[in-house]
Amino acid sequence: MIVKKMLSAGLSLCLILACVSNAQSQNENSQQRRFGFGPLPIVAFDADRGLQYGGLLNIFDYGIGGASFPNPRQQWYFEYSRFTRGTQQFFLTYDTRTLIPNVRMSLAATLWLDPAMDFYGFNGYQAFFDADNMSAFYRLDRRMMSFKADFVGNLPWNNWFWQASYYFSSLRYRPLDRNWFNEGRPENEQFHGTTLFEHYMNWGIIPENEREGGFTSGPRLGLMYDSRDFEAAPSRGIWAEANILLAPRFLGTTHPYNRYMFIFRHYIPIRNEQLVFAYRLNYQGTIGNHIPFYIMPVFSTIGREWDRDGLGGFRTIRGIMRTRVQGLDMGFFNAELRWRFVNFQVQRQNVQLALNAFLDGGMVTRNFDNSFRLNPNWTTQELERNLETFNRYVDPSRRNSLHSAVGGGFRIIINQNFIIAIDAARPFNNQNGTGGFYVNTGYLF
């Protein structure tokens, strides 16, 4: 496994360096051209999904003569990639500051096909993680499609903006396909038992009418404050947001709910732009006492980015297993020291190399109801067997505490807006796994 990680990181770096000349322009300096193109092969690694391979195309429009460089006037992003553990993902985004006067518009359409999605239960440490049962017990089959149209406009006060959005998603859940999982595996590695997801359905924790997932359709409204100097790799400023998602039935939502989110990001220069301390505080909550279970592991913000998986994994809490932390209300933080230690040019492209050290953490602050519910059709033996398994994997009385991990990473920053990221992190508690290694793009925030 370590060899695979190192080969993945090395191959990714070779591909990146070979394609630097295409990352922002074809033949000339990006600052002198209107359009920049970033076609790249994808060879990356994610601790939760395995080796990633595919391709992407990033197109930047900097205006005539590159007047808006390094912040593009508009940009397009296309990606298709696969992971060795079965996940496929398709992304299409468009971001423009000029199509609508004084309004920034961001469109994103995504499709995730994840036949081995992680599922570790609800309410953090109330769900026991059995490190000796890591085959397919913690897997399910998820299909997720989403679309959003986000609009951000200026308010009369400096650096203040209004936010408005329409959001749609379709999430479909099924138990793990044993035939797919077992194909090509030796007999001693095949799985024929009951998954945790199926146990949660049997115990009534996952309501029967939600088991297959559903649709979300509704508006989002919010406020934003943004004083960053650069978007992709800021060295100073504050970027804060507060928004609310309303998902009523009359707009097509299968199981209506309302949700809110607060995000505060702060970038503090310690030594000019070379050494920066950055931190992010995020809180996501539910209005009311219930939310569809399939919504909890989805992390979605207004702006250029698309939906991400919830707390745990590369985009939220590095080193913690993907979607390990799920609840009605959740909060997490990232604290990171970023050091850009060298700056040089390759084929007229400005390249910076950077190191980062970080501490990530998060926890459930309000629990999803994971009470055991009696099935009247069970025999005495079935009831005893289910109670025994429930008591092993669920402890509703256990108090939640922080899930945290520490790690470090390396960045290649091309023309201040295309960033290759390599991170490794390890949790403090083995209930969160053994750690993660990631090769991806961008800073987390």
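Predicted model: local features only at pLDDT ≥ 70, side-chain atom pairs only at ≥ 80, totals over all residues.
M117, D118, F119, F122, L140, Y173, F293, P297 and Q326 line the second largest cavity. About 50 Å³ of space lies inside it. By class, its lining has 7 nonpolar, 1 polar and 1 charged residues. Empty space of this kind is found with a probe: rolling one the size of a water molecule over the atoms shows where space is left.

F119, F122 and F293 are among the residues that touch the most other members of the largest nonpolar core. Y200, F197 and I206 belong to that group too. The core holds 54 residues. Helix α4, residues 196-202, gives the most to it, with 4 residues. In soluble globular proteins, nonpolar side chains tend to be buried together.

Take Y200 as a way in. Leaving aside residues up to four places away in sequence, Y200 touches F119, G121, F122, A127, I205, I206 and V394. A second core stands separate, with 14 residues. I302, F314, A421 and F445 are included in this second core.

Now turn to the strands. Strand β8 covers residues 213-226, and strand β9 covers residues 237-247. The two pair in the antiparallel sense over 7 bridges. Within this pairing, L221 stands opposite I244 in β9. Strand β9 also pairs with strand β10, residues 257-271. This pairing is antiparallel as well, over 11 bridges. Here A247 stands opposite Y257 in β10. In a regular strand the side chains alternate between the two faces of the sheet.

The largest share, 4 residues, comes from β10. The largest cavity has a volume of about 150 Å³. Its lining has 14 residues, and R220, L245, R259, Q284 and S300 lie nearest its centre. By class, the lining divides into 8 nonpolar, 4 polar and 2 charged residues. In total, the model has 3 cavities of 30 Å³ or more.

Next come the open spaces. The second largest pocket holds about 950 Å³ of space. Its lining has 36 residues, and A47, D48, R85, M134 and R139 are the closest to its centre. Several elements each supply at least two residues of this lining, among them the helices α1 (2-18) and α3 (178-182). β5 gives the most, with 4 residues. The lining divides into 17 nonpolar, 10 polar and 9 charged residues.

Two loops deserve a stop. N102 lies in the loop between β4 (88-100) and β5. Its phi is near 65 degrees, a positive value in a residue other than glycine. N102 counts as exposed because its relative accessibility is 62%, and exposed means over 50%.

N272 lies in the loop between β10 and β11 (275-287). N272 is not a glycine, yet its phi is positive, at about 55 degrees. Its relative accessible area is 56%, so N272 is exposed.

Notes: Residues numbered from 1 in each chain as written. Heavy atoms only, no water. Core = buried A, V, L, I, M, F, W, Y, C linked by side-chain atoms within 4.5 Å. Buried < 20%, exposed > 50% of the residue type's maximum accessible area, 1.4 Å probe, protein only. Contact = heavy atoms within 4.5 Å. Pairing = 2+ DSSP bridges. 1 Å grid on protein atoms, 1.4 Å probe; cavity = no way out; pocket = protein on both sides within 12 Å on 5 of 7 lines; lining within 4 Å. Points joined across faces, edges and corners; volume = space filled by probe spheres on them. Nonpolar A, V, L, I, M, F, W, Y, C, P; charged D, E, K, R; others polar.
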